[in-house]
Amino acid sequence: MTIPITQGRRFPRLAAAALGLLLLSPPAQSQILVDSALSSLLSTDPNTFWLNLGRSRPPAVSAAFRDRVLHDLPEKGEIKKLKEPARRKLASLEAILRLHQRDSVYEVKVIDVPHAFVGLHARFVLLISGTALNLLDLEELQATVAHEVGHEYVLSQYEAAWERQDFRSMQQLELFCDGVSILTLRKAGVDPARLVSGAEKMLRFNEDHYTLLAERKKFAKAVMAWAAAGEPQGPR
């Protein structure tokens, strides 16, 4: 889930705003939502989708923008001392980010918030709550981060939907990012089912009463079947 740059200056506020986004949306018609999200993704073959994704990859943020965003982020709330299992999980993200040429672009920060949360701020700051880092296993974290990378490819659509408070469009874009995650995981040799298992863990922990989980399961099943028809090539 991408975090609008206009959100507050504190890590807890950033996380809470993004976490609550879809919880505020009215229930959508499940099958219509899934079919709509699938229509653009499955209109081509997996390999062509990957190639088109690579062609549409946005440029990295400028050095000036990067410095400004990092300067504005608070030091309070960031967790810097991590034990070996956590460091190993974070190191595993390089393989996922490299597939999208983001291994030298993203700044990963572990933050102290009570929710299980992973989000992308300002297109390059990957925020992972200590709770999520402990809750998810290595491959589930990779899957969740692969979803967040997907947001870069639909950033303008997502921000426009946010401004309109168009929750249906945001839900469809969340499913699209699931599709990006599934294909990324296949390329990385990770079981795409880890995306759903990771989502289930975080939703249970956060006691989420309205979620896209049922829709995400339907969508993931369809995308995994489509992807199995041919091994995609990573973005170039």
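**A covered strand and a helix crossing**

Strand β5 (residues 125–129) is mostly covered, with five of its five residues buried, where buried means under 20% relative accessible area with a 1.4 Å probe, protein chains only. This is a predicted model, in which local features need pLDDT of at least 70, side-chain atom pairs count only at pLDDT 80 or more, and totals for chains, interfaces and linings use all residues. Residues are numbered from 1 along each chain as its sequence is written, and side-chain values use heavy atoms, leaving out hydrogens and water. Strands (E, at least two residues) and helices (H or I, at least four) are DSSP runs, numbered from the N terminus.

Strand β3 (residues 107–111) runs parallel to β5 over five bridges, and Val-110 has Ile-128 as its bridge partner. Strand β4 (residues 118–121) pairs with β5 in the antiparallel sense over four bridges. Here the bridge partner of Val-118 is Ile-128. The hairpin of β4 and β5 has three residues between the strands, and Ala-122 takes a positive phi near 55 degrees.

Now turn to the helices. The axes of α7 (residues 138–153) and α10 (residues 193–205) come within 8 Å and cross at roughly 95 degrees; axes are lines fitted to C-alpha atoms over the stretch in contact, with angles from 0 to 180 degrees between N-to-C directions. That makes α7 roughly perpendicular to α10, a label for angles of 65 to 115 degrees.

Methods: Parallel < 35°, antiparallel > 145°, perpendicular 65-115°, else oblique. Buried < 20%, exposed > 50% of the residue type's maximum accessible area, 1.4 Å probe, protein only. Pairing = 2+ DSSP bridges.
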